[in-house]
Amino acid sequence: MKYIATLFLFTLGYASAASVGLASHPQGEEISINWQVVKNYLDTETESERFYTELTLTNHAGTPLEATGWHLYFTLSKLLLPESTPDSVQITRINGDLYRFQPTPAFTPIAPGESRTFRIDGMSTAVKECDLPSGHYFVFYDSLGKEEPPSAVTEVTVAPFISKQQTSRHPRDEVLVPTATSRFEENRQLTELPSGQVPLVLPTPIALQKRHGSVTLDASASISYTPGLENEARLLASHLSDFLGQTILSRKESESPGTIRLRTNTHHSYEAYTLITNSDLGTTIVGSDPAGVFYGTQTLLGLIPIEAWGEPQLLLKLPALQIMDAPRFPYRGLLIDVARNFQSKATVKKLIDLMAFYKLNRLHLHLSDDEGWRVEIKAIPELTTVGSRRGHTLDEQDCLMPSLGSGPDPTKTPGTGFYSQEDFVEILRYAADRHITVIPEFDFPGHARAAIIATESRRKRLMQAGQPEQANEFVLRDPNDKSEYLSAQFWNGNVVDIGLESTFHFLDTVVGEIANLYEQAGVPLQTFHMGGDEVPHGAWQKSPACQALVQSGKLASLEQAVLQDYFFLRMLEIMERRNLRMAGWEEMLLTPDENGGKQPNHDFLGKPVAGYVWNNVWGWGQEDYAYRLANAGFDIVLCNATSLYFDLAHDKHPQECGHSWAGYTDLKEPFEFAPYDYFQNANADIMGRSFAPDTFTDSVRLTQAGQAKILGIQCQLWGEYIRSSDRLEYMAFPRAIAVAERAWAEQPDWVTAEAPQQREKEFQTVWNQFVNTLGQRELPRLDFLHGGSNYRLPLPGAKIEEGKLHANIALPGLTIRYTTDGSEPSPSSTRYEQPVQVDGKVKLRAFDRQGRGSRTVDCEESKP
């Protein structure tokens with residue numbers, strides 16, 4: 001769950017060694033690095049996956065890279081094998097994903113202009129550019145052995161992936177790298193619909209009835225609202241002002257033909273609304289509550305013609321219609337991981353706006369992990385003065401070590417950053433105004449290294465100041481605990497000691513301050529997410545404090561399940577004291593069964609808890625845990641990795657950034673997700689190997705009583721690869737729109753079709769409508785909505801037969817442009833309209849209405 005780094009270049013503003021009079025040697029910017037995956041292979045002795053890479057250093061400086069006096073650091077969330085390197089170099093994993101590469105006595109200098117290549121093998125696989133190291137920097141040492149300021153490498157390249165050995169994860173890997181031809185064949189089932197047949201509203205409402213005529217809004221329009229809807233009226237007025245170029249006044253008493261009336265009617269269900277646009281009577285939105293009214297206003301804004309989104313208009317013409325609508329699930333969520341790589345307050349607020357437009361109503365903020373702590377806690381300032389910063393360090397007293405490509409500079413995002421308490425309150429209020437609840441997650445007892453390092457820094461500082469009592473107040477790890485373990489992301493020392501009372505004092509303090517921030521924001525905290533996932537085996541086994549609990553009879557044994565239950569029951573006491581629900585990943589609610597598997601933990605049944613279930617990976621044997629927990633009576637949020645993890649790559653192409661540990665997740669995966677029967681999506685394992693018809697015969701299915709315990713669904717944007725706001729938007733959209741459709745709209749008919757052929761036919765009809773709506777309406781609007789979005793543009797499908805180019809696109813309505821002279825297609829290149837005779841080297845790209853293009857596709861005529 002949640003790992004692997006990507007290639008990302010950081011340029012550091014340190015003074016060069018030469019400029020400050022240090023010994024002459026190359027600088028990081030004068031040495032280029034190239035990585036090449038030679039092959040992926042299977043270790044015959046262990047039957048485990050391996051990859052073989054080559055690292056090439058090229059010296060562009062006027063001085064040699066000497067045989068001593070330097071270390072090269074980089075990050076990679078895979079285990080590299082020290083024994084695979086040549087005798088002239090040594091590679092050492094410091095902790096987590098940070099590696100040090102250094103010369104041995106057998107190393108000879110690399111002369112100016114010379115290149116040197118070194119073999120390095122690793123465990124797991126490397127089939128993408130982002131599967132290779134990032135965040136490279138050199139540390140040089142002077143003649144006295146003193147460390148000079150780090151020197152970042154600015155030129156890092158990756159050799160092309162050409163052979164099947166480079167792109168196959170396993171000898172039985174049946175997932176193919178997409179090509180222009182394979183995309184063309186996949187898109188063949190799609191047709192571009194006339195604009196009049198494209199659905200007007202996403203997510204799909206319960207009922208939409210078109211009427212004759214239209215409604216016109218101009219500068220004379222006003223908003224009439226009943227008490228309690230001031231916020232909804234204000235936000236709608238602000239949006240309409242942006243369209244019409246003038247301020248739309250919000251008035252409580254106005255019934256003119258141009259009036260938009262906002263009302264509530266408690267006879268409707270929660271978050272429901274009715275929207276009526278009438279050429280004679282104007283516009284009326286009646287909601288079951290302010291949230292329902294708000295969603296009605298978002299639907300109204302969605303009816304505004306696409307042409308009006310680019311620049312202010314004198315008037316807006318909307319279709320006359322009536323919509324009745326309500327959500328399927330009360331929980332419609334999106335997680336962003338700001339702990340591993342920080343996202344700014346502005347980025348979070350923009351994401352909130354985009355979520356609100358598509359009626360998503362839960363923002364799950366992953367605020368702490370091994371790689372960072374992101375919210376200011378006044379009682380423990382080191383959590384942000386140390387725990388929110390990553391950079392080159394020898395002792396981690398002032399910052400955490402580099403990770404996930406963050407490089408050596410502790411002042412740079414995304415490795416470094418946090419929200420002040422004022423920032424966090426602002427985010428909470430901003431979200432609440434848009435009817436989005438922020439779920440804070442602080443991941444414990446594992447994934448806690450940032451907090452552990454921060455509190456150790458605090459302890460050392462206060463001990464040196466002669467304040468031992470204060471120094472030990474928030475200690476999270478006993479120095480005498482010699483437990484040995486390695487986390488899923490290869491960290492050691494990342495689990496808090498649950499035998500220490502100071503651990504629970506720390507967590508009580510954090511929960512208390514976070515709850516106070518919600519109170520300040522005027523949105524009382526209701527759910528606190530504790531994480532609880534991936535505690536590595538071996539944790540706590542040699543903890544003197546845990547051993548003492550066993551000796552005192554407070555714990556039955558040092559078995560991990562016993563210890564973990566103890567932790568969560570203690571945390572539940574803290575939560576219940578504040579009238580909070582405790583949420584966590586499914587590990588929190590599972591306990592070992594007699595067959596070596598897991599079963600629902602009835603110690604938590606009837607308690608104020610909720611499980612967020614991620615692990616349904618096909619073929620791992622845990623596919624039905626969500627349904628087991630729901631059937632047992634636990635409230636569940638479905639977070640299925642195979643369909644809802646948007647840190648997974650869209651496909652297998654080496655340039656398509658993202659994970660592959662749970663497979664690949666394209667746009668269709670979340671769209672066809674069936675919350676009450678997600679086994680319908682179980683067609684193949686993560687290697688693309690088809691399942692036998694009876695593979696999941698014994699898996700537990702969701703009962704009718706269990707359906708009532710499914711709170712909703714949530715997509716996850718884990719942050720290892722998400723190192724900018726552009727990358728966040730690329731990975732989120734348009735897949736998040738598919739999640740909104742599944743979470744809001746009623747269950748589609750194709751889900752319950754009994755015959756596979758009928759199900760496929762019905763699915764293809766609605767899928768074609770959905771992708772047309774994206775291509776013709778939603779993505780053109782996203783070009784401008786809340787400042788525009790860097791959503792993912794699909795690559796064109798194409799083939800050449802008998803000299804004629806045939807092309808298509810996964811989202812009909814987008815523009816395809818091509819060249820035949822080998823140049824990169826641009827917004828001014830020839831537009832593809834229909835099959836056309838071509839001669840030469842054909843390249844194609846898809847473009848949005850702003851001229852932003854997809855990656856380039858090369859197309860050659862198939863040989864017979």
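Hi everyone, a word on ground rules before the tour. Because this is a predicted model, local features need pLDDT of at least 70 and side-chain atom pairs count only at pLDDT 80 or more, while totals for chains, interfaces and linings use all residues. Residues are numbered from 1 along each chain as its sequence is written, and side-chain values use heavy atoms, with hydrogens and water left out.

Let's start with sheets. Two strands pair if DSSP finds at least two bridges between them.

Leu 275 has Ile 285 in E16 as its bridge partner.

I'll call a residue buried when its relative accessible area is under 20%, exposed when over 50%, and partly exposed in between, using a 1.4 Å probe and protein chains only.

Is E26 (residues 609-613) mostly covered or uncovered? Mostly covered: 5 of its 5 residues are buried. Val 609, Gly 611 and Val 613 point one way, Ala 610 and Tyr 612 the other. E26 runs parallel to E23 (residues 581-585), with 4 bridges between them, and Ala 583 stands opposite Ala 610. E26 is also parallel to E27 (residues 635-638), again through 4 bridges; there, Tyr 612 has Val 637 as its bridge partner.

The other is E34 (residues 842-847). Why is this strand described as largely enclosed by the rest of the structure? Because 6 of its 6 residues are buried. Val 842, Leu 844 and Ala 846 point one way, while Lys 843, Arg 845 and Phe 847 point the other way. E34 pairs with E31 (residues 815-819) in the antiparallel sense over 5 bridges, and it is joined by 3 bridges to E35 (residues 857-859), also antiparallel.

On to the cores. A nonpolar core is a set of buried Ala, Val, Leu, Ile, Met, Phe, Trp, Tyr and Cys residues joined through side-chain atoms within 4.5 Å. The largest one has 186 residues, and Leu 363, Phe 444 and Phe 506 touch the most other members. Helix H10 (residues 501-521) gives the most to this core, with 10 residues. Apart from it lies another core of 30 residues, among them Leu 80, Val 89, Leu 132 and Phe 138.

Last stop, pockets. On a 1 Å grid over the protein atoms alone, a pocket is an open set of points where a 1.4 Å probe fits, with protein on both sides within 12 Å along at least five of seven lines; lining residues have an atom within 4 Å of a point. A volume is the space filled by probe spheres set on the points, which are joined across faces, edges and corners.

The largest pocket has a volume of about 1,500 Å³. Of its 46 lining residues, the closest to the centre are Glu 186, His 650, Asp 651, Asp 666 and Glu 669. Helix H19 (756-782) is one of the elements giving two or more residues to this lining, and H19 gives the most, with 6.

The second largest pocket has a volume of about 1,100 Å³. It is lined by 46 residues, with Ala 488, Glu 534, Trp 614, Asn 615 and Trp 620 nearest its centre. H12 supplies the largest share of that lining, 5 residues.
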